[in-house]
Amino acid sequence: MEFKRMKGLPLCVGVLMSLVVLDIAMANSMTCQQAVTTLLPCQPFLTGQVPNPTVPCCIAVAKINEEATTTQTHRDLCECLKKAAPTFGVKPEKAKVLPDLCHVSVPVPIDPSIDCQQ
């Protein structure tokens with residue numbers, strides 16, 4: 001009888017491990033709020049207060065680029081940042097050159113008229 005109870009244990013452990021892995025994978029996706037918060041060191045450059053991005057700003061750009069590993073994450077972050085930019089007074093011409101100035105290659109151009117779903 002003891003063997004019968006143990007028989008379902010490996011299945012239960014397997015399901016729990018799958019849920020933990022799924023939870024970790026979902027936790028690794030950057031949210032809109034996290035992206036905006038991460039980019040706060042870039043605000044002085046993006047609003048035209050300073051002529052060049054700072055090192056913390058470029059680290060933030062690289063971090064967001066690194067976190068955006070899927071097409072859907074790229075789309076979500078694109079939409080998020082497009083909507084947030086006017087709220088923070090971001091100058092589109094500054095946003096457009098930020099990745100190049102930080103030596104970060106991004107998969108989509110930074111442009112307020114970009115279609116994030118493509």
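Student: Which residues of α5 are buried?

Tutor: In α5, those are Cys57, Cys58, Ala60, Val61 and Ile64. Buried means under 20% relative accessible area, exposed over 50%, and partly exposed in between, with a 1.4 Å probe and protein chains only. Helices are DSSP runs of H or I with at least four residues, strands are E runs of at least two, and both are numbered from the N terminus.

Student: Where do the buried residues fall, seen down the axis of α5?

Tutor: They fall within an arc of 155°, so they line one face of the helix. The arc is that of the directions from the helix axis to the C-beta atoms. An α-helix has 3.6 residues a turn, so residues three or four places apart point the same way.

Student: Is this experimental or predicted?

Tutor: This is a predicted model, in which local features need pLDDT of at least 70 and side-chain atom pairs count only at pLDDT 80 or more, while totals for chains, interfaces and linings use all residues. Residues are numbered from 1 along each chain as its sequence is written, and side-chain values use heavy atoms, with hydrogens and water left out.

Student: Back to α5. Which exposed residues does the face turned away from the buried side carry?

Tutor: That face carries Val55, Ile59 and Glu66.

Student: What do the buried residues of α5 pack against?

Tutor: They pack against α3 (32–38), α6 (71–87) and α7. Contact here means heavy atoms within 4.5 Å.

Student: How many residues does α5 have, and what does it reach?

Tutor: α5 has 13 residues and reaches 18 Å from its first C-alpha to its last, close to the 18 Å expected at 1.5 Å a residue. The expected span is 1.5 Å times one less than the number of residues.

Student: Now the largest nonpolar core. Which members touch the most others?

Tutor: The core has 18 residues, and Leu39, Cys42, Leu46, Val61, Ile64, Leu98 and Cys102 touch the most other members. Elements giving two or more residues to this core are α4 (43–46), α5 (55–67) and α7 (92–101). The largest share, five residues, comes from α5. A nonpolar core is a set of buried Ala, Val, Leu, Ile, Met, Phe, Trp, Tyr and Cys residues joined through side-chain atoms within 4.5 Å.

Student: And α7, which residues are buried there?

Tutor: Lys94, Ala95, Leu98 and Pro99 are buried in α7. They cover an arc of only 135° around the axis, which puts them on the same side of α7. What covers them includes α4 and α5.

Student: How many disulfides?

Tutor: The structure holds four disulfides, a disulfide being a pair of cysteine sulfur atoms within 2.5 Å. Numbering the bonded cysteines of the protein chain in sequence order, the pairing is 1-6, 2-3, 4-7, 5-8.

Student: What does the pair of Cys32 and Cys80 tie together?

Tutor: Cys32 and Cys80 have their sulfur atoms 2.0 Å apart. Cys32 lies in helix α3 and Cys80 in helix α6, so the pair ties together parts 48 residues apart in sequence. Cys32 is partly exposed at 38% relative accessible area, whereas Cys80 is buried at 7%.

Student: Cys42 and Cys57: right-handed or left-handed?

Tutor: The torsion about the S-S bond is about 105°, so the disulfide of Cys42 and Cys57 is right-handed. By contrast, the link of Cys58 and Cys102 is left-handed, with -75° about the S-S bond.
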